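I opened this structure for a first look and kept brief notes. The entries follow in the order I made them.

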Amino acid sequence: MEAVVSTQSTGVPGYTGYVPKGQHFFGERYAQACDNALRSFEKDLIVKQNDEEKLKMVPRKSFVPVAKRAAYPVKPREFGYGTSPYRLPSDHAEKYFVSGYTGFVPRSRELLAKSYPELTHTALNIHKQEQDRLRRGSTPGIPPRAMARAKTAPPGIIYPPKSGLIPNYTGHVPAMKFKFGKTYGATTVNALQTVS
């Protein structure tokens, strides 16, 4: 066993250095508190060294593996980690968003009473079916021509002459502050004609 080097007392009043275990001794003169703290520290060092020597003498057994192969079978992944749930096939077990995901999930609003992963799995499958149907261009009961996009105003026209503006339009509508008692769409029909 190695001898513990005795620490010298640094109990000079005004000393601002570190005194091991000094925070545990108070209520006495500074020099006496430092001596008591250092004696306690030296005792702890001796106990620690004795414990280390006892531990060195204990023989350790080597670990023996339980089995030569993995405890559970590892399947190769057909899709890499981080693949978007939108790109996974409909029957894939990981086609869902984890709980806590705050982004938009199409077709999830009308689904209720399911856990979030189940709800998003169902919603993503419904969305994929609709996207496939739209790409094919066939809807049961509706001919493909009727699926054309709604006609919009030509570019550059802000106030369409024969229809009202869409609600939540945040731009300026001439003379709008003087109109009341009708819906937004009805009051914005021919918005430019009321100015003159």
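This is a predicted model: local features need pLDDT of at least 70, side-chain atom pairs count only at pLDDT 80 or more; totals for chains, interfaces and linings use all residues.

Residues are numbered from 1 along each chain as its sequence is written, and side-chain values use heavy atoms, without hydrogens and water.

I then listed contacts (heavy atoms within 4.5 Å). Leaving out residues up to four places away in sequence, Leu111 touches Leu119, Thr122, Ala123 and Ile126.

Next I checked confidence, given as pLDDT, the predictor's score for each residue from 0 to 100. The chain averages 78, and 79% of the residues score at least 70. Helix H2 (residues 116–136) has the highest mean, 90, and H3 the lowest, 80. Helices are DSSP runs (H or I, at least four residues), numbered from the N terminus.

Is Thr187 buried or exposed? Thr187 counts as buried because its relative accessibility is 7%; buried means under 20%, exposed over 50%, partly exposed in between (1.4 Å probe, protein chains only). Thr187 lies in helix H3, residues 184–187. Beyond neighbours within four places in sequence, I found Thr187 in contact with Met176, Lys179 and Lys182.

Last, I looked at Tyr15, in the segment before helix H1 (30–57). Tyr15 counts as partly exposed because its relative accessibility is 34%.

Methods. Helices (H or I, at least four residues) and strands (E, at least two) are DSSP runs, numbered from the N terminus.
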